[in-house]
Amino acid sequence: MTEIALFPIPNCVAFPGTVFPLHVFEPRYRSLVKHCTQHEMLLGICHTQKLLHASKAGQSLEEALRSNQATYKPKQIFSAGRCELRRTLDDGRMLVHVHLRGRYRLLEEVQTLPFSIGRCELIEDKPVSEEERHAVAQAKEKVLKRLLAMTARSPGVQHFLSSLEWQNKDPVAFSFELFGVLHLDAELQQQILELRSPRSRLQRVLTLLNQQP
């Protein structure tokens, strides 16, 4: 079991193998970042189930920096990783990178204030056979080909996807890291995050991409 500090963000699903940037201004989450960096605790980026407490309307930035905003109940499955504080601004806001390394399931909350800490278990993919590994590699090639076709008018993205790094990327890692460049509806991304087979993830993505004009 692993204790993880939880950062719930509505309509936001993060994937292992990616780096997630955070702009942190609420007092409780500034405390969370300090706690994670001082105690080497993982930080979890969680999509949300529902709103528990709404923020006050019409606040100025100064007021927001002094008070906590909306409170959300996190989804049970999320990605987490090491928190890197990149910069602290003069007014206390923090620019943070979260280096996401794995998927976790929240089992129970062990702290709720000033921020939530959960006791969590790592979620790994089911074992992949050699036959399955070949199918995953084929699915990766199909997804990559479709992405290249869809981004024909975006030279920067084309260059990135055509690089040797991405062409040679391990298909299992690719099934997560492609969400660094591909953004879908949050609920769809949550469903894909929860799949425990790289083949299932890539086939789901390919189906969604093929539905695009």
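**Exercise 1: two helices side by side**

In α7, Leu-188, Gln-191 and Ile-192 meet Arg-201, Arg-204, Val-205 and Leu-208 of α8, where contact means heavy atoms within 4.5 Å. Before going on, note that this is a predicted model, in which local features need pLDDT of at least 70 and side-chain atom pairs count only at pLDDT 80 or more, while totals for chains, interfaces and linings use all residues. Residues are numbered from 1 along each chain as its sequence is written, and side-chain values use heavy atoms, leaving out hydrogens and water.

Task: work out how the residues of this contact divide by type, and how α7 and α8 are oriented to each other.

Step 1. The contact residues split into four nonpolar, one polar and two charged. Here Ala, Val, Leu, Ile, Met, Phe, Trp, Tyr, Cys and Pro count as nonpolar, Asp, Glu, Lys and Arg as charged, and the others, Gly among them, as polar.

Step 2. Helix α7 covers residues 186-194 and helix α8 residues 198-210; they pack at about 155°, with axes 9 Å apart.

Step 3. α7 and α8 are therefore roughly antiparallel to each other (angles under 35 degrees count as roughly parallel, over 145 as roughly antiparallel, 65 to 115 as roughly perpendicular and the rest as oblique).

**Exercise 2: ring pairs**

Task: find how many aromatic pairs the whole structure has, and how the rings of Phe-7 and Tyr-29 are arranged.

Step 1. Searching the whole structure turns up four aromatic pairs. Rings of Phe, Tyr and Trp (its six-membered ring) pair if their centres lie within 6.5 Å; planes under 30 degrees apart count as stacked, over 60 as edge-to-face and the rest as tilted.

Step 2. For Phe-7 and Tyr-29, the ring centres are 4.2 Å apart and the planes at 20°, so the pair is stacked.

Step 3. Phe-7 sits in strand β1 (residues 2-8) and Tyr-29 in helix α1 (residues 27-39), so you'll find them 22 residues apart, linking distant parts of the chain.

Step 4. Phe-7 and Tyr-29 are both buried (under 20% relative accessible area; exposed is over 50%, partly exposed in between, with a 1.4 Å probe and protein chains only).

**Exercise 3: a lysine in a loop**

Task: is Lys-75 buried or exposed?

Step 1. Find Lys-75 in the loop between β5 (71-74) and β6 (77-88).

Step 2. Its relative accessible area is 18%, so Lys-75 is buried.

Step 3. Leaving aside neighbours within four places in sequence, Lys-75 contacts Cys-46, His-47, Thr-48, Gln-49, Glu-187 and Gln-190.

Note on methods: Axes are lines fitted to C-alpha atoms, for helices over the stretch in contact, and angles run from 0 to 180 degrees between N-to-C directions. Helices (H or I, at least four residues) and strands (E, at least two) are DSSP runs, numbered from the N terminus.
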